[in-house]
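Hello,

Here is the structure I promised to pass on. Have a look at it first, and then read on for what turned up in it.

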Amino acid sequence: MFPFISFEWMWDMGHIVFMGGLWYAVSILGIGMTYCIIKAALDTQKGDDGGHHH
Amino acid sequence: MDSALIPEGVKRCPFPQFLTGLAVVGAVLAWGVFAMLLCWLKGLNQTNMNDSYGFALWIWADLAVIALGGGAFFSGFLKYIVGKDELKNIINFAVLIGFICYSSALLILAIDIGQPLRGWHIFWHANVHSMLTEVAFCLSCYFGVLTIEYIPLILENRQIDKIPFFHNLSHNMHEVMAVFAATGAFLSCFHQGSLGGVAGVLFGRPFAYREGLLVWPWTFFLFTWSAAAYGPCFTIFLTKLLEKITGKKLVKDNVIDLLAKISGWMICTYIIAKIIDTWYWASVTVHTRGQTLMDFYDDNLLYGLWILVAEIVVGGIFPALILLTKKGRSSESLLWTAVILACLGVCINRWVMVLQVMAVPVLPFEDWALYYPSWQEVATTILPVAYGVILVMISYRYLPIFPQERELNPVES
């Protein structure tokens, strides 16, 4: 799963495509959520009400 | 009693009636949980799976709910990427259905793997040559996407929304939802496809085997296409069902009409591709492997030619024809017929691609291997249905799932 931990890891096309795709998707979700949480905290601190949804 | 939690301007049934409903469905849920615990504590000997059936009822249920839950990713794709803004009035419910379907699929897999404590091995010791690894990756990540899409709905609960941080979080998540929806559509295309690809690469089983493009058999593309085509029908079916149960109109007709029309075109194009695929498979692929079409359709009760007709004609051509016409979409009874047939059609397709594949004899001296699920398998397959009903009940009661409900059902004060 990780190049620096798993003993099965090999730098071949299969691992790069499969694990690269997984980490790419997980990164988008993780960065997206982190951005939302940090911005929500900053907005709350500033006293913004965020407006109406949709 | 719980009126402070109910969205403003809508009417809900009395709390005791709601609790009674929860208790009834909860009893079914408890039965499923009991069977699940039996499978976990005593092992897979509680099932009727055997050497012929490594994949059985659970995997069919898995593939079926994933296809039916496809309405979430396709509606999200249409709203956020294509820009069909009218779908904002049904997208919340599509997300809820998708969340239920995918969490159910993961639950069923957790039972099916026999040793759920080793579930993480598929990530840690990933077999990068397996389509099922791709399915596991994409399924888990897409469930993450659905959770992210469902969270803002929970945060919009009347009481939670009063807390500034949660209000701002919900607002910010809505702002970047297109990014999550695009990621979800990307992940869905691959895991839906790989589920089809698993069957298509079985070169030792000519019933399932298909040629294809590069490493992807045609079933890869057909599964993605069918999920996008039939998933919205399940969303419409459940919306209509909820309208019947609550006695209220929850979504305007133009929204249902748009989704039904898109679904109709998708089913139409899919079924043409499916017919071409079946014709090529029957006339070329099967013959190159020394067999004929009728080798796969014995006259036993389960797997006669009727199942092919049911899947393609009754569950494909009929709903497509109804949904493609304005008259079909605007007639309540025809719309009901179309969405029910469509849901049955895609479920039959998944049944055939999982269970008939296992039933067909692969050696000249073998007979058809028929299989009947044990009660534990049936109970654990009904378990997600009960769980889904409970989640819909709670979400409908406390969350603003249908933005048009207030306008369509004004409450007299």
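You will find Asp2(B) in the segment before α1 (15-42) of chain B. If you follow chain B along to Leu363(B), you have moved 361 residues from Asp2(B), and the C-alpha atoms of the two are separated by 63 Å.

Please keep in mind that this is a predicted model. For the complex, the predictor gives an ipTM of 0.87 and a pTM of 0.93. Chain B has an average pLDDT of 92, and 100% of its residues score at least 70.

Which residues have the most contacts inside the largest nonpolar core? They are Tyr230(B) and Cys343(B), in a core of 134 residues. Helix α13 of chain B, residues 332-359, gives the most to this core, with 17 residues. Leaving aside residues up to four places away in sequence, Tyr230(B) touches Ala67(B), Gly70(B), Ile267(B), Ala342(B), Cys343(B), Gly345(B) and Val346(B).

Two packed helices are described by the angle between their axes and the distance between the axes. Helix α4 (residues 91-112) of chain B and helix α9 (residues 218-246) of chain B have axes that come within 10 Å and cross at roughly 105°. That angle makes α4(B) roughly perpendicular to α9(B), since 65 to 115 degrees counts as such. On the α4(B) side, the residues that meet α9(B) are Phe93(B), Ala94(B) and Ile97(B). Their partners in α9(B) are Phe234(B), Thr235(B), Leu238(B) and Thr239(B). By class, this contact has five nonpolar residues, two polar ones and no charged ones.

Finally, there is chain A. Its secondary structure comes to one helix and zero strands, and 13% of its 54 residues count as buried. How many residues does each chain bring to the contact between them? Chain A brings 28 and chain B brings 31. The side of chain A that touches chain B is made up of 14 nonpolar, nine polar and five charged residues.

Enjoy exploring it!

Best wishes

Terms used: Residues are numbered from 1 along each chain as its sequence is written. Chains are lettered from A and ligands numbered from 1 in the order in which they are written. This is a predicted model: local features need pLDDT of at least 70, side-chain atom pairs count only at pLDDT 80 or more; totals for chains, interfaces and linings use all residues. Axes are lines fitted to C-alpha atoms, for helices over the stretch in contact, and angles run from 0 to 180 degrees between N-to-C directions. Helices (H or I, at least four residues) and strands (E, at least two) are DSSP runs, numbered from the N terminus. Angles under 35 degrees count as roughly parallel, over 145 as roughly antiparallel, 65 to 115 as roughly perpendicular and the rest as oblique. Two residues are in contact if their C-beta atoms, placed from the backbone, lie within 7 Å. Ala, Val, Leu, Ile, Met, Phe, Trp, Tyr, Cys and Pro count as nonpolar, Asp, Glu, Lys and Arg as charged, and the others, Gly among them, as polar. A residue is buried if 20 or more other C-beta atoms lie within 10 Å of its own, exposed if 12 or fewer, and partly exposed in between; C-beta atoms are placed from the backbone. pLDDT is the predictor's confidence in each residue, from 0 to 100. A nonpolar core is a set of buried Ala, Val, Leu, Ile, Met, Phe, Trp, Tyr and Cys residues joined through C-beta atoms within 7 Å.
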